[in-house]
Amino acid sequence: MLAVSFTLGAGAQEPKLLEPERAFSFSVRPLDPATVEARFAVAPGYYLYRDKLKFALAPAALAAPPVLPPGKVKDDAFFGSVETYRGQLVVRLALAAPTPGSTVTVTAESQGCADIGVCYPPQRQTITVALPAAGAGPGAVVEAAPAKKGWFN
Amino acid sequence: MARRTTIIAVVITGVLALGAGLYFGAGRLGMTAEERPSAATLLALTLPDPTGKQESLVQWKGKLLIVNFWATWCSPCREEMPEFVRAQKEFGGKGLQFVGIAVDEADKVRQFAADIGLNYPALIGGYGAMELSRTLGNRVMALPFTVIVARDGSIAHTQLGPLKDEQLRAMIAKLI
């Protein structure tokens, strides 16, 4: 009588969607004692909202608000003209009080969607990296730890 | 917070009671009403509306219940909701009940509900609601996510991503 389909998990009707931390892979690379490079690698078919991106550093604060590159303008039916990022997004973060050889924790808040018609809740991701010693070259790229749900409350 | 504690308790119960069955027993067609996972966890939920008044989903048990997880920051969610409003208006008298669970702040929910003339309850689930939706099949915890609960309390359908108008109408016609 109630011969309806029941679709859960990897059911036939469910779109193949990535976990948010895979759709929006976050990594940090220390460039020099005063600068770290934050990067989002956005998977094909996904996008991040420019105006939802926030970065913070600890214990040293940001020397200045980070300069976000211009995004691709998207005409959203509800949000009007919004800027979005696809592919690689690289943002340089300058430390207010650099201490060569110390560690810095980079926190990124982001929110994005998939073209298929779903959106992910805002994410907060944190990466701690060691700053290079004075005169040393850039450090290694550190990827965000997977699967830790960083929701705000 | 009490609300958060409640949600966590519900989620834990849900995982224990339903999780294994949902993940390993679902996706097969032709299950009887007894075999399909029940929506007991969902119906056991009590959440505040934007004014703070607590509403229990169990009050709509026996109706064709369509629970939509959404948020104001989710454009595809906003896009499909006017059709829900139309369906609620058309079939509400015949036993259809939409309930929205917003992963959002009360003020924003209240404003959006007024903007589109929302004619069904919009409850505030917070991010804990997303954890609950995962136990119901929202593997990546994205929005919109919709659960259709048949009158017998079984979950008739879950949908990650927007429900197409014709799909919604067909489900209502079959289950009302």
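**Reading rings, core and sheet in a predicted model**

Biologist: How many aromatic pairs does the structure hold over all chains?

Modeller: Eleven. One of them joins Y46(A) and Y120(A), with 6.3 Å from centre to centre and 35° between the planes. That pair is tilted.

Biologist: Where in the chain are Y46(A) and Y120(A)?

Modeller: In distant parts, 74 residues apart. Y46(A) belongs to strand β3 of chain A, residues 46-49. Y120(A) lies in the loop between β10 and β11 of chain A.

Biologist: Is Y46(A) buried or exposed? And Y120(A), buried or exposed?

Modeller: The cut-off for buried is under 20% relative accessible area. Y46(A) has 7%, so Y46(A) counts as buried. Y120(A) has 1%, so Y120(A) is buried too.

Biologist: Why is the pair of F84(B) and F98(B) called stacked?

Modeller: Look at the angle. Planes under 30 degrees apart count as stacked. The planes of F84(B) and F98(B) are at 25°, and their ring centres are 4.8 Å apart, so the pair is stacked. F84(B) sits in helix α3 and F98(B) in strand β4 of chain B, 14 residues apart. F98(B) has a relative accessible area of 0%, so F98(B) is buried.

Biologist: Which residues do ring pairs link into a cluster?

Modeller: F24(A), Y46(A) and Y120(A).

Biologist: How many bridges join β3(A) to β9 of chain A?

Modeller: Three, and these strands run antiparallel. Among the residues involved, Y47(A) has C113(A) in β9(A) as its bridge partner.

Biologist: Which residues touch the most other members of the largest nonpolar core?

Modeller: F26(A), V36(A), F40(A), F55(A) and L42(B), out of 95 residues in that core. Follow F55(A) to see what contact looks like. Beyond its neighbours within four places in sequence, the contacts of F55(A) include F26(A), F40(A), L62(A), V91(A) and T107(A).

Definitions and conventions: Residues are numbered from 1 along each chain as its sequence is written. Chains are lettered from A and ligands numbered from 1 in the order in which they are written. This is a predicted model: local features need pLDDT of at least 70, side-chain atom pairs count only at pLDDT 80 or more; totals for chains, interfaces and linings use all residues. Side-chain values use heavy atoms; hydrogens and water are left out. A nonpolar core is a set of buried Ala, Val, Leu, Ile, Met, Phe, Trp, Tyr and Cys residues joined through side-chain atoms within 4.5 Å. Buried means under 20% relative accessible area, exposed over 50%, partly exposed in between (1.4 Å probe, protein chains only). Contact means heavy atoms within 4.5 Å. Rings of Phe, Tyr and Trp (its six-membered ring) pair if their centres lie within 6.5 Å; planes under 30 degrees apart count as stacked, over 60 as edge-to-face and the rest as tilted. Helices (H or I, at least four residues) and strands (E, at least two) are DSSP runs, numbered from the N terminus. Two strands pair if DSSP finds at least two bridges between them.
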